[in-house]
Amino acid sequence: MDAYDVLVIGAGPGGSTAARFAARSGCRTVLIEKRAEIGVPIRCGEGIAKDWLQEIGIPPSPKFVQREVQGARVFAPDGTCLTVDAAMAGNEVGYTVDRGLFDRYLAAEAARAGAEIRIRTSAVGLLTEGGRIVGARCEHMGRTLDIRAHVVIGADGFESQVGRWAGLATHLKMRDIDACLEYTMVDVGGDPTYDDFYLGSCAPGGYAWVFWKGEDIANVGLGVNLSLVRERGDAKLYLDRFLAAHPALARGQVLQEIAGAVSVSLPLERTTTDGLMLVGDAARMIDPVTGGGILNACLAGKFAGEVAGEALLAADYSSTFLERYERRWRARIEEQLCRNYMIKERLLKMDDATISRIIRAIADVPLERVSAATIFERLRERHPDILAQFELA
Ligand SMILES: Cc1cc2nc3c(=O)[nH]c(=O)nc-3n(C[C@H](O)[C@H](O)[C@H](O)COP(=O)(O)OP(=O)(O)OC[C@H]3O[C@@H](n4cnc5c(N)ncnc54)[C@H](O)[C@@H]3O)c2cc1C
């Protein structure tokens, strides 16, 4: 039996960040990853905002940033385009990363902080003692081994089992899941200085995206809400239809096809229990409007790693102590997740004409800074009827 202070399950952005901060706080930390290589296969559009990397202590680096864009263009179904530059968006848009390199960069930083990394090691269950979680049963190359730890951090992604094993309510409704499909395409035409988002029935309940990785290389993908399509496979029909409607993109060749799902739900009601914290997709921290989850996974990973260090100092691994993790991540990201969940719920019911009216109205109001709050404020002044659509006034 192997024993550590902290066991982190899953070496995605959330897990590697948690392992880095736990190791840095003095915890003997092990990070396990079921795959043979961290970061592959990639299941991501690879778009991240600019302004938060410093919050997790990672400087932007050519080691993982592939391209910097100036902002985003949001296209309504009627073709209206809302251009949002990076400054207006509060640097909420900005980089296309190579996700494989990014995930390995974060894992390497965890190792440099002192974490041990074990690849090809899957958690298959939790170890408990007196109702408290004290580690995980794992499998490595056909061999079963138990890893004991004072604190387990579950960072095992969208298909997380750790939360369910711990008895936390992790079930997702159909309307809280988007099925995604993406092609990495080369020799495509378009303006690579902006990332593009297409709303409306081209991607029911979600959106289509074009995220540029180079002058003529882009990730072209979309997410569709499972409550609005017949089956997950329909994402391909919608993506092929989207491409057919955009000849400059359609002329390109597909280098890679990526399928996956994102939660567009509220975050879990509880993300801690005795001896356990859940971070990132495992805790349903994906933004329900954008489908972006890297930032929140990393922020939560940082808080979880720091709290693990504090728990070690206090020799207290109870859910009462670990609630300080819960309080920290909620203070940082919960308000936005809840507001965007309400927006996503309204968008699910909107037809193309209404979405176009809203984008036209937003494009019509001068905004120094684009955020849900400023948009609602201006709409309240100029288009109260449209604001009523959101019932958020
Ligand atoms: C098609 C698609 C496009 C996306 N585009 C974007 C985007 O452009 N920008 C953005 O911010 N977000 C995007 N996302 C979401 C983003 O990928 C996730 O939010 C992010 O990866 C969450 O990080 P994580 O660390 O929580 O989980 P993950 O990155 O999923 O990492 C979980 C890790 O745990 C490992 N694991 C799972 N089970 C076990 C186990 N039992 N034992 C050991 N290891 C285990 C997995 O192999 C994996 O490495 C996209 C998602 C999809 C599907």
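**Helix packing and the ligand shell**

Author: The axes of helices H6 and H7 (residues 319-348) come within 9 Å and cross at roughly 155°. Axes are lines fitted to C-alpha atoms, for helices over the stretch in contact, and angles run from 0 to 180 degrees between N-to-C directions. Helices (H or I, at least four residues) and strands (E, at least two) are DSSP runs, numbered from the N terminus. This is a predicted model, in which local features need pLDDT of at least 70 and side-chain atom pairs count only at pLDDT 80 or more, while totals for chains, interfaces and linings use all residues. Residues are numbered from 1 along each chain as its sequence is written.

Reader: Is H6 roughly parallel or roughly antiparallel to H7?

Author: Two packed helices are described by the angle between their axes and the distance between the axes. Angles under 35 degrees count as roughly parallel, over 145 as roughly antiparallel, 65 to 115 as roughly perpendicular and the rest as oblique. At roughly 155°, H6 is therefore roughly antiparallel to H7. The crossing of H6 and H7 is right-handed; a crossing is left-handed if the near helix is turned anticlockwise from the far one by less than a right angle, and right-handed if clockwise.

Reader: Which residues in H6 meet residues in H7?

Author: Two residues are in contact if their C-beta atoms, placed from the backbone, lie within 7 Å. On the H6 side the residues are Asn296, Leu299, Ala300, Phe303, Ala304, Val307, Ala311 and Ala314, and on the H7 side Phe321, Leu322, Arg324, Tyr325, Arg328, Trp329, Arg332 and Ile333. By class, the contact of H6 with H7 has twelve nonpolar, one polar and three charged residues. Ala, Val, Leu, Ile, Met, Phe, Trp, Tyr, Cys and Pro count as nonpolar, Asp, Glu, Lys and Arg as charged, and the others, Gly among them, as polar.

Reader: Is phenylalanine 303 buried or exposed?

Author: A residue is buried if 20 or more other C-beta atoms lie within 10 Å of its own, exposed if 12 or fewer, and partly exposed in between, with C-beta atoms placed from the backbone. Phenylalanine 303 lies in H6 (residues 294-314) and is buried, because 24 other C-beta atoms lie within 10 Å. Leaving aside neighbours within four places in sequence, phenylalanine 303 is in contact with Tyr325, Arg328 and Trp329. The C-alpha atoms of phenylalanine 303 and arginine 328 are separated by 6.7 Å, although the two residues are 25 apart along the chain.

Reader: Where does alanine 315 lie?

Author: Alanine 315 lies in the loop between H6 and H7. Its phi is positive, about 50°, although alanine 315 is not a glycine. Alanine 315 counts as exposed because it has 8 C-beta neighbours inside 10 Å. Arginine 120 is found in the loop between strands S8 (116-118) and S9, and with 13 C-beta neighbours inside 10 Å it counts as partly exposed.

Reader: At what angle do H1 and H6 pack?

Author: H1 and H6 pack at about 30°, with their axes 7 Å apart. H1 is therefore roughly parallel to H6, and H1 passes H6 in a right-handed crossing. The residues of this contact divide into eleven nonpolar, six polar and three charged.

Reader: How far apart are the axes of H1 and H2?

Author: The axes of H1 and H2 (residues 99-112) are 8 Å apart, and the helices pack at an angle of about 15°. H1 and H2 are therefore roughly parallel to each other. The crossing of H1 and H2 is left-handed. Pro13, Ser16, Thr17, Ala19, Arg20 and Ala23 of H1 make the contact with Asp103, Leu106, Ala107, Glu109 and Ala110 of H2.

Reader: How many residues surround the ligand?

Author: There are 40 residues around the ligand, and the closest are Gly10, Gly12, Gly157, Gly280 and Gly293. A residue is near a molecule or strand if its C-beta atom, placed from the backbone, lies within 6 Å of it. Among the elements that each supply at least two residues of the shell are helix H1 (13-24), strand S9 (121-129) and H6. Strand S16 gives the most, with four residues. By class, the shell divides into 18 nonpolar, 14 polar and eight charged residues.

Reader: What joins valine 40 and proline 41?

Author: A cis peptide bond joins valine 40 and proline 41, with omega about -5°. Proline 41 lies in the loop between strands S2 (29-32) and S3.
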